[in-house]
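Biologist: Please take one part of this chain and go through it closely, with its partners and its place in the core. Give the cut-offs behind each term as you use it.

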Amino acid sequence: MTLRLAHLSDIHFGGEHRSAVGAAAGWIAEHRPDLAIITGDVTREGSETEFIAARRWIRSLAVESLVVPGNHDTPYFSLMKRLFAPWKRYERHFGPVSPSLLRRPGLAVASINTARGVQLRTNWSKGAISTGQVSRAVRALAEAPPGALKVVACHHPLIEMIGGPMSGQVHGGHEAAVALADGGVDLVLTGHVHAPFALPYPGGDGHTWAVGASTLSVRERGSPIGFNCIEVDDDIVRISALAWSGSHFETWRTWSIDRRPKPA
Ligand SMILES: [Fe+2]
Ligand SMILES: [Fe+2]
């Protein structure tokens, strides 16, 4: 095994499951993944106290972390703040929401913000992604060395989880998924639906996979509270959805994915 990632999502501080959140930090300290990727909804309603709690916990983790925003990380109940300064609080605590690239040995992760403070539709909490966001991520990931795992981290699933408890309804999602597959991305890590899943993207060569994580909040939606452990070697990516048993995390489901063959 060359790489291990912890993929957590939807902790929703303010409504976090305290025991599970504490145990997740313990799991990370024990298993020492190379990176903890947190795919949004770190708070319940984007309040200052929730952001303070979220930042304190994330900074206390034993390993490096990467955070992207979710729809709950903008001031949820203030239309004016969502309209004029949707990411002010988030950025004060976690830095710019603009696209970024993190490169580590064997790994490149492009962050994309799919959440919006307002949209021209009633349900502003659903996702949106622009062609510019996608092309920037594809270009950045193309610079990764051969064999590196190319990951996109964003909050909303760009294609819908089959049989999921809710939808992402991402504007531009299908086009983005096709472009990321054509661009040779390996994994697109997301949250939002509070349920773990893994399924291949349309288009491309069949080696681009959508991976969703559950929640570490009390907002369960039919799947156990938990997070994903992603183990990567040269040939295979193994995704384990870990579930909170009430006293510890145990494997709930596992997906084994063949990695894209390296160019000869
Ligand atoms: Fe959520
Ligand atoms: Fe969400």
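Modeller: A nonpolar core here is a set of buried Ala, Val, Leu, Ile, Met, Phe, Trp, Tyr and Cys residues joined through C-beta atoms within 7 Å. Buried means that 20 or more other C-beta atoms lie within 10 Å of the residue's own; exposed means 12 or fewer, partly exposed lies in between, and C-beta atoms are placed from the backbone. This is a predicted model, in which local features need pLDDT of at least 70 and side-chain atom pairs count only at pLDDT 80 or more, while totals for chains, interfaces and linings use all residues. Residues are numbered from 1 along each chain as its sequence is written, and chains are lettered from A and ligands numbered from 1 in the order in which they are written.

The largest nonpolar core has 76 residues, and the members touching the most others are Leu8, Ile37, Val152, Ala153, Leu180 and Val188. Strand S11 contributes the most to this core, with six residues. Ile37 belongs to strand S2, and S2 is the part I take up.

Helices (H or I, at least four residues) and strands (E, at least two) are DSSP runs numbered from the N terminus. S2 covers residues 35-39, and five of its five residues are buried. In a regular strand the side chains alternate between the two faces of the sheet. In S2, Leu35, Ile37 and Thr39 point one way, Ala36 and Ile38 the other.

Two strands count as paired if DSSP finds at least two bridges between them. On one side, S2 runs parallel to strand S1 (residues 3-8), with four bridges between them. Histidine 7 is opposite isoleucine 37, and leucine 8 is opposite isoleucine 38. The chain gets from S1 to S2 by way of helix H1, a right-handed β-α-β crossover; right-handed means that, with the strands pointing away from the viewer, the path from the first strand over the helix to the second runs clockwise.

S2 also pairs with strand S3, again parallel and over four bridges. Here isoleucine 38 has valine 67 as its bridge partner.

Contact requires that the C-beta atoms of two residues, placed from the backbone, lie within 7 Å.

Leu180 is one of the buried residues of helix H6 (residues 173-182), and the buried residues of H6 pack against helix H5 (131-142), strand S6 (149-153) and strand S7 (187-190).

As for the whole chain, it has six helices and twelve strands. Its radius of gyration, taken over C-alpha atoms, is 17 Å, close to the 18 Å of the globule rule for 264 residues, so the chain is as compact as a globular protein of that length. The rule is 2.2 Å times the number of residues to the power 0.38. Buried residues make up 49% of the chain.
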